[in-house]
Amino acid sequence: MKGFLRADGRKGIRNVVLVTYLVECAHHVARVIVNDSPGDNVQLIGFPGCYPNEYSLKIMEGLCTHPNVAGVLIVSLGCEGFNREQLQKTIKESGRAVDTLVIQKSGGTKKTIEAGLDRVKELLITAEAAEIVPMEMDELVVGTICGGSDGTSGIGANPAVGHCFDKLIAQDAVCIFEETGELIGCEHIMAERAITPELGEEIMKSVEKAEHYYTQMGYGSFAPGNAEGGLSTQEEKSMGAYAKSGSSPIHGLIKPGDIPSQGGLYLMDVVPDGNPMFGFPNIVDSAEIVEMIASGCHIILFTTGRGSVVGSAISPVIKVCANPETYENLSDDMDINAGKVINGESTVAQVGDEIYQLVSQVAAGEPSKSEALGHQEFVLTYKKFEAIGPSCLPTAR
Amino acid sequence: MINKHFVLLNKADNVFVCCRQLFSGESIKLEEVDVEMTVDITVGHKIARKAISKGTKIIKYGVSIGSAVEDIAFGEHIHMHNMKSDYIASHTRQNRAGE
């Protein structure tokens, strides 16, 4: 396996140039720059709001200094609240190429697009020059999420991802699973897997927080399709989702944008702290994917039963489909047929080995299905978090 | 897998999970006992492994996934109409949470 070496020592499996808009008002200009630039490696991300938000700045910093990212063009309208100077500084300090265009100072739409296309050309030349070095499994960060879950997800796809996670962690990779709101009901068994009792308590508290938050919002993390697919309750969905974590000990509890420094299994707490403020913890699967990528994920394993088609900007998404009927129907979008488990054709371990194999191939450069189809979904909105406590990362140096 | 239509995920479970669709009126042997389906059962859905009385925990994967809100007969479809979460109400496209 080979990686693109960045100046900060991190290694990427893709070589992306990002164009990021810092307010919806700059979205169109940024999109045209991306659309008119050559290849799939120039990708669009952005933040819609005009008010400043510490969380979105942290996530944007995490994304723009992600190991898969070679350089960034920031597109600002000029008057929005997003701290573009701070973002530019963080990217520059990471050793990545960065440039900022402010539409109000650049002469408007046409002139900013022209200038942006020139800057992207330069960023692509810098990206081309990235040093390619050997990369090992212990340098890989893999996240997992489920979306469009049904009654098959917890039988085929999720335990198979868990098996793959166990194999990756045995090689000292970082693996991240998430959505404490989708782990309601699993808190006790999950806490028992924590490497310290204090971390176990933090995990219990994070799930209680999720339950409280979702109750206040009036809905659990439970979509109508979950029910149509046979899932009856939040805790039933949770138990199925929990299987993605495999059987390794839980090394830490992180929040979006926190980057684990050692191999092992980590739970990401995506539910905001304090009273509900900006709405649902995660409005859609893509918001969770973006948070995991901000925490350094090179690859996302996305399990589904009903069938999702999304990919992501920055990091490839691998689809693992648990439902054999969905697999038949959406096979162009699915990387792995975990429906073989429920059909009795394969064991969970066999499908898990298949996923592991594909992770190695995608890490080595092979595009995942969603990546090849051009999926580069991206969502980032407002949230509020407090920093994690000292018990959350017991072995942090 | 107990037959081609149903799987028992954990021996402590009081539900089977459907892995191949069955239609209303079809009969099937479940652990040596014949039972007739009263509704269509699609992949991923659950049926009762035994008679379950109101208030009893529904056990899947060996753990509780909620409680029965009415008496449930052997072989009957188990879903939101006869069980509920012990944590947070579920919702469908037609119904708000808790209704």
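Predicted model: local features only at pLDDT ≥ 70, side-chain atom pairs only at ≥ 80, totals over all residues.
User: How are H6(A) and H14(A) oriented to each other, roughly parallel or oblique?

Analyst: Helix H6 (residues 157-170) of chain A packs on helix H14 (residues 348-363) of chain A with the axes 7 Å apart. The angle between them is about 55°. Roughly parallel needs an angle under 35 degrees and roughly perpendicular needs 65 to 115, so H6(A) and H14(A) come out as oblique.

User: Which hand does the crossing of H6(A) and H14(A) have, and how many nonpolar residues are in the contact?

Analyst: The crossing of H6(A) and H14(A) is right-handed. On the H6(A) side the contact includes A:Pro159, A:Val161 and A:Leu168, and on the H14(A) side it includes A:Val348, A:Ile355 and A:Tyr356. Sorted by class, there are two charged residues and two polar ones, and the nonpolar count is 11.

User: What about H2(A) and H3(A): roughly parallel or oblique?

Analyst: Helix H2 (residues 54-64) of chain A and helix H3 (residues 84-93) of chain A have axes 9 Å apart, at an angle of about 30°. The cut-off for roughly parallel is under 35 degrees, so H2(A) is, relative to H3(A), roughly parallel.

User: Which residues of H3(A) touch H2(A), and what is the hand of that crossing?

Analyst: The crossing of H2(A) and H3(A) is right-handed. H2(A) brings A:Leu57, A:Met60, A:Glu61 and A:Cys64 to the contact. By class it has five nonpolar, two polar and one charged residues. The H3(A) partners are A:Gln86, A:Leu87, A:Thr90 and A:Ile91.

User: H2(A) also packs on H11(A); is that crossing left-handed or right-handed?

Analyst: Helix H11 (residues 285-294) of chain A has its axis within 8 Å of that of H2(A), and the two cross at roughly 65°. The crossing of H2(A) and H11(A) is left-handed.

User: Which residues of H11(A) are in contact with H2(A)?

Analyst: H2(A) uses A:Tyr55, A:Ile59, A:Gly62 and A:Leu63 here. The contact has six nonpolar, one polar and one charged residues. From H11(A) come A:Val290, A:Glu291, A:Ile293 and A:Ala294.

User: Which residue of chain A meets the side chain of B:Lys60 in a salt bridge?

Analyst: The structure holds 20 salt bridges over all chains, and the count between chain A and chain B is two. B:Lys60 sits in strand E6 (residues 57-60) of chain B, and its partner lies in helix H10 (residues 234-242) of chain A. At 2.8 Å, N to O, that partner is A:Glu236.

Definitions and conventions
Residues numbered from 1 in each chain as written. Chains lettered and ligands numbered in written order. Heavy atoms only, no water. Axes fitted to C-alpha atoms, helices over the stretch in contact; angles between N-to-C directions. Helix = DSSP H or I, 4+ residues; strand = E, 2+ residues; numbered from the N terminus. Parallel < 35°, antiparallel > 145°, perpendicular 65-115°, else oblique. Left-handed = near helix turned anticlockwise from the far one by under 90°. Contact = heavy atoms within 4.5 Å. Nonpolar A, V, L, I, M, F, W, Y, C, P; charged D, E, K, R; others polar. Salt bridge = Lys/Arg side-chain N within 4 Å of Asp/Glu carboxyl O.
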